[in-house]
Amino acid sequence: MIERPRGTRDLDPEEMEVRYKIEQKLRNISRSFGYREILTPTFEHTELFTKKSGPDIVNELYHFEDKGGRDIALRPEFTASVIRAYNEGMRELPKPLKLFYFGPSFRYERPQAGRYREFWQFGTELIGPDTTKADAENIALAYKCIKGIGLDEFTLKISNLKILDKFLEENDIDLEKKQDIYHKIDKEEIDEISEEYSLGSKLMEFLNMELEEMSSVLGDPEPVEYLKEVLDLLEYYGIEEKHLKVDIGTVRGLDYYKGVVFEVDAENLGAEKQILGGGDYNLGDVFGIDISSKGFAMGFDRSILALETEEKLPELDDLDCYIIPIGEEGYEYSYDILEELRSNNISADIDLMGRGVGKALGYADKNNFRYAILIGGNEVEDETVTIKNMHTGDQRTIDKNDFFKEVDEGWT
Ligand code: ATP
Ligand code: MG
């Protein structure tokens with residue numbers, strides 16, 4: 001027997017309906033911020049990702065040589081693709097350019113709960129302005145997306161990487177070492193850094209300081225002031241304070257971030273709790289252009305797991321009508337009704353197996369139809385329909401033309 005590849009999932013109709021509803025919410029929220037959707041290819045030249053994230057990234061990639069001898073990779077994320085697409089065909093579009101995307105990403109990771117080899121990302125890019133207002137807009141949209149799909153138990157941690165940069169500089173640490181240090185902070189290995197760079201308890205103390213104190217320790221108020229300005233702007237967006245946390249130890253694991261960064265944790269999820277990451281980066285180096293971009297990527301699958309643990313998954317819509325012709329003579333008349341319903345966007349199905357009424361009703365019940373429409377000899381003769389409410393069991397027989405009129409006028 002052939003099974004699905006490791007780290008992948010099959011999604012059944014119920015899961016797909018839930019996902020589709022959440023997807024649509026995210027699209028609507030992003031549109032309400034003036035963002036518009038784009039789509040880039042599922043595969044790119046491997047070089048796009050190694051240029052952006054370094055050669056080690058290939059360990060995480062699904063990549064292969066295609067028949068033309070090109071080294072091709074399935075995308076592990078969208079940011080590099082979006083910036084490539086911008087550079088290739090969207091440079092002339094007016095700024096700020098606000099884009100969002102949704103689709104599967106692929107990483108050769110060790111699968112576990114909340115970590116897959118194929119997973120979905122919803123994300124955004126705000127290209128052009130490098131201002132505190134743009135940072136705030138980016139963070140506010142991330143918040144509204146998380147909140148808007150129904151999550152309530154999460155923390156949005158915000159930092160400005162320039163604060164830590166400054167700290168390292170003041171402590172005479174070569175900024176070449178910065179990546180190593182940031183990776184370790186990301187993995188919460190503070191002790192190791194302190195030892196390796198002879199910092200004693202300095203780094204730990206610094207990370208625990210209030211912003212004001214950091215400012216005075218650094219002797220340069222600029223990076224702290226910048227972050228404070230972003231935080232002040234966020235007050236305009238109606239963000240609940242309980243979700244926000246300034247955390248200078250939030251560094252993102254990647255090399256191209258440069259300014260304000262943020263992450264969202266859904267603590268209920270345990271180990272794989274990070275459901276969103278984003279910030280301010282400059283990918284200009286990769287493409288030889290100088291352009292500011294601020295964005296975020298949300299882990300769609302983990303967000304759904306978080307909704308599940310909060311018991312906040314959206315309700316599924318029932319199907320509407322299941323038509324049960326009783327006997328062969330009911331079919332021609334039934335197809336007329338089926339057509340009328342379907343052309344009015346009412347979901348309608350008809351028994352295709354010539355089942356008896358009992359079994360057909362059982363099928364309608366199991367598939368969550370709201371109504372069964374029974375068509376027997378009497379209905380055909382009198383030009384009526386018998387509608388059975390599957391929730392209450394109530395049944396009524398009405399004139400077919402009255403029924404069509406009801407359908408035309410909009411059925412609830
Ligand atoms: P992690 O540290 O958990 O590996 P990451 O820093 O690699 O995450 P990003 O590259 O920032 O993650 O991707 C954005 C979001 O995508 C993450 O916050 C997470 O929710 C989700 N994500 C990343 N990798 C996976 C995966 N293998 N399976 C499911 N979701 C993932
Ligand atoms: Mg990862």
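Trainee: Which residue places a backbone N or O atom 2.9 Å from a nitrogen atom of ligand 1?
Mentor: This is a predicted model, where local features need pLDDT of at least 70, side-chain atom pairs count only at pLDDT 80 or more, and totals for chains, interfaces and linings use all residues. Residues are numbered from 1 along each chain as its sequence is written, chains are lettered from A and ligands numbered from 1 in the order in which they are written, and side-chain values use heavy atoms, without hydrogens or water. A polar contact with the ligand is a pair of N or O atoms within 3.5 Å. The residue with the 2.9 Å pair is Tyr116.

Trainee: Which element gives the most residues to the shell around ligand 1?
Mentor: Strands are DSSP runs of E with at least two residues, and helices are runs of H or I with at least four, numbered from the N terminus. Two or more residues each come from β6 (118-128), β10 (274-281) and β11 (292-299). With three residues, the top contributor is β10.

Trainee: Are α1 and α12 roughly parallel or roughly perpendicular?
Mentor: Helix α1 (residues 13-32) and helix α12 (residues 300-309) pack at about 110°, with axes 11 Å apart. Axes are lines fitted to C-alpha atoms over the stretch in contact, and angles run from 0 to 180 degrees between N-to-C directions. Angles under 35 degrees count as roughly parallel, over 145 as roughly antiparallel, 65 to 115 as roughly perpendicular and the rest as oblique. The two helices are therefore roughly perpendicular.

Terms used:
A polar contact is a pair of N or O atoms within 3.5 Å; within protein, one must be able to donate a hydrogen and the other to accept it, and residues adjacent in sequence count only if both atoms are side-chain atoms.
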